[in-house]
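Hi,

Here's the structure I promised to pass along.

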Amino acid sequence: MMSEESAPSRNVVSQFFKRISQLYQLQLDRWTPHTKLRWAGAIVLILIFLLRVFTKQGWYIVTYALGIYHLNLFIAFLTPKIDPALDLDDDQGPELPTKANEEFRPFIRRLPEFKFWYAISKSTVIGIICTFFEAFNVPVFWPILVMYFITLFCITMKRQIRHMIKYRYLPFTHSKPRYQAVPTEK
């Protein structure tokens, strides 16, 4: 008898959470084509986080962890899905051209732009929430964290730029040549 009463309540709860999940996915789907607005919102979230950290004078370890995570996401965003340095077999999918006479193959990111934005936004919201709990306000000497982050950023970006130069790929589309269709005569 007890299982008969609890079964409908579990069904209602699961339907409720399923509906919330569908509404959330619907909002994400609506935001997908609005790249500039999404990134403006992400920047606003980051600025709110930084404002909170500066005004409260704490949570430097949360800021450092968030910065390292954002750096990791950025590197994944810049890296091709199939890394040419690790690609030993020719049968594993698209590759980047290494010579001028090779066929063009599109740049496929390891972390697509939408997932990059979503991870940045979600992690920043989690960082903002962490600043409301004193348990995350670990006392640290923040100038050391800043210097370590700058050093880590420079070393990582230097390695990434060398990789981009070595394998001749450019992960950004704004400076790539765009070809227009040749008009056909009737």
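Below is what turned up, going from the annotated spans to the cores and then the pocket.

Keep in mind that this is a predicted model. The UniProt record, an unreviewed entry, puts "transmembrane region" at residues 37–55, 61–79, 116–134 and 140–157. I have figures for two of those spans. Residues 37–55 are 100% helix with 0% strand, and their end C-alpha atoms sit 27 Å apart. For residues 140–157 it's 89% helix and 0% strand, with 26 Å between the end C-alpha atoms.

Now the packing. The largest nonpolar core has 14 residues, and the ones touching the most other members are Leu 73, Leu 111, Phe 116 and Ile 120. Helix H3 (60–78) and helix H4 (113–130) are the elements that each give two or more residues to this core, with H3 providing the largest share, 6 residues. Phe 116 is worth a click: leaving out residues up to four places away in sequence, Phe 116 touches Trp 39, Leu 73, Phe 74, Phe 77 and Leu 111. There's also a second, separate core of 10 residues, including Val 53, Tyr 60, Leu 66 and Ile 128.

Then the pocket. The largest one holds about 590 Å³ of space. Its lining counts 19 residues, and Leu 50, Thr 63, Tyr 64, Gly 67 and Phe 149 lie nearest the centre. Helix H2 (35–56), H3 and helix H5 (142–166) each supply at least two lining residues, and H3 gives the most, with 8. What classes make up that lining? It has 16 nonpolar and 3 polar residues, and no charged ones.

Cheers

Terms used: Residues are numbered from 1 along each chain as its sequence is written. This is a predicted model: local features need pLDDT of at least 70, side-chain atom pairs count only at pLDDT 80 or more; totals for chains, interfaces and linings use all residues. Side-chain values use heavy atoms; hydrogens and water are left out. UniProt positions are given in the numbering used here, feature names are shortened, and annotations may be inferred rather than shown by experiment. Helices (H or I, at least four residues) and strands (E, at least two) are DSSP runs, numbered from the N terminus. A nonpolar core is a set of buried Ala, Val, Leu, Ile, Met, Phe, Trp, Tyr and Cys residues joined through side-chain atoms within 4.5 Å. Buried means under 20% relative accessible area, exposed over 50%, partly exposed in between (1.4 Å probe, protein chains only). Contact means heavy atoms within 4.5 Å. On a 1 Å grid over the protein atoms alone, a cavity is a set of points where a 1.4 Å probe fits but cannot get out, and a pocket is an open set with protein on both sides within 12 Å along at least five of seven lines; lining residues have an atom within 4 Å of a point. Grid points are joined across faces, edges and corners, and a volume is the space filled by probe spheres set on the points. Ala, Val, Leu, Ile, Met, Phe, Trp, Tyr, Cys and Pro count as nonpolar, Asp, Glu, Lys and Arg as charged, and the others, Gly among them, as polar.
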